[in-house]
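User: I am new to this structure and would like a close look at a single part of it.

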Amino acid sequence: MYNLNNKYLQFSVFVVLLIAMNIGIEQLTKQKVTGAEILFIRAIFNLVLALAIAAINKKSIIPKQPKLQLGAFLCLGLSLLLIFTAYQYISAGSVSTLQRLDIPLLTIIAFFRRKSTSKQVLLSIIAFALVATLLLLSNSTNENPLGYVLVLSGVVVIAINTLLQKKIALTENIETIMVITSLSSIFWGGIRCWQAHATFTMLTPVFLLAIVGLSFINLIIFYLINNLYKKYSVEFVRYPYLIAAFATMLVEMLIKQKISSPLLIGGNIAILIT
């Protein structure tokens, strides 16, 4: 029998789900479904699921810290919208790798608050220098630099949200956090769909079913990461993201049956190990 409380089993499941999410979004954007449409529809299903879980568990979804939740509401959906849109311009491996720059950014912020070492800051600066190099050489990697800009913008918003979430997690239950996340995604995804005059014509029943599947995966990821953060260090919880980012690159190459640019592979690996 497998012990579901085993951290390595949770770790492994987490990695597989992250890979599935990354590849799933990329494959949908390749079929001309926009990042905003995916975010909007996934969030609707996640909201329904979160409300159902809250009702079953008889949990209140009224925020205990309205001001912090308002900040999270503004940040969460916006960061996801930027990142989901990036899938339309660069590979899933690059998106998932660049998302991990939130850690170096937070490290730099912590340095000014005297909570990180000079060595940690140096590694963080190297990580951003590597991204700058990939941007300058984007023609060689066959990736649109706009994708990099979108992810990096999302990373800045994620870093702000992380600082808020640390305080929110102390008092709010997971159902409330999930509801706010879903509402934020619906809000920002809806605005972008409205602005772009989205018709959702590319959403065939198969694609819609795929997005429903992504919403279930997202819900499981949400609960898994919440559980891991409660029991283990931030450093340990970071590893599944790093492994999933590298594995996503490998899966992409298997799907395409083509090896990505050595510069792109080397750059992404270098970013991950810093």
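In which helix is Gln99 found, and what does Gln99 touch?

Analyst: This is a predicted model, in which local features need pLDDT of at least 70 and side-chain atom pairs count only at pLDDT 80 or more, while totals for chains, interfaces and linings use all residues. Residues are numbered from 1 along each chain as its sequence is written, and side-chain values use heavy atoms, with hydrogens and water left out.

Gln99 is found in helix α4, residues 92-99. Helices here are DSSP runs of H or I with at least four residues, numbered from the N terminus. With a relative accessible area of 16%, Gln99 is buried; buried means under 20% relative accessible area, exposed over 50%, and partly exposed in between, with a 1.4 Å probe and protein chains only.

Contact means heavy atoms within 4.5 Å. Not counting residues up to four places away in sequence, Gln99 touches Ile83, Tyr87, Val151 and Val155. Of these, Ile83 is 16 residues from Gln99 in sequence, and the two C-alpha atoms are 8.1 Å apart in space.

Tyr87, another of the residues that Gln99 touches, is itself buried, with a relative accessible area of 5%. By the ring-pair rule, the count in this structure comes to five aromatic pairs. Rings of Phe, Tyr and Trp (its six-membered ring) pair if their centres lie within 6.5 Å; planes under 30 degrees apart count as stacked, over 60 as edge-to-face and the rest as tilted. One of the pairs is Phe40 with Phe200, whose ring centres are 6.2 Å apart and whose planes are at 40 degrees, so this pair is tilted. Phe40 lies in helix α2 (residues 35-56) and Phe200 in the loop between α9 (174-195) and α10 (205-231), so the pair ties together parts 160 residues apart in sequence. Phe84 and Tyr87 form an edge-to-face pair, 6.5 Å centre to centre with 90 degrees between the planes. Phe84 is buried as well, at a relative accessible area of 3%.

Phe84 leads on to Ile38, which touches Ile25, Leu28, Thr29, Val33, Phe84, Ile211 and Leu214, leaving out residues up to four places away in sequence. Of the 66 residues in the largest nonpolar core, Ile38 and Phe14 touch the most other members. A nonpolar core is a set of buried Ala, Val, Leu, Ile, Met, Phe, Trp, Tyr and Cys residues joined through side-chain atoms within 4.5 Å.

Notes. Helices (H or I, at least four residues) and strands (E, at least two) are DSSP runs, numbered from the N terminus.
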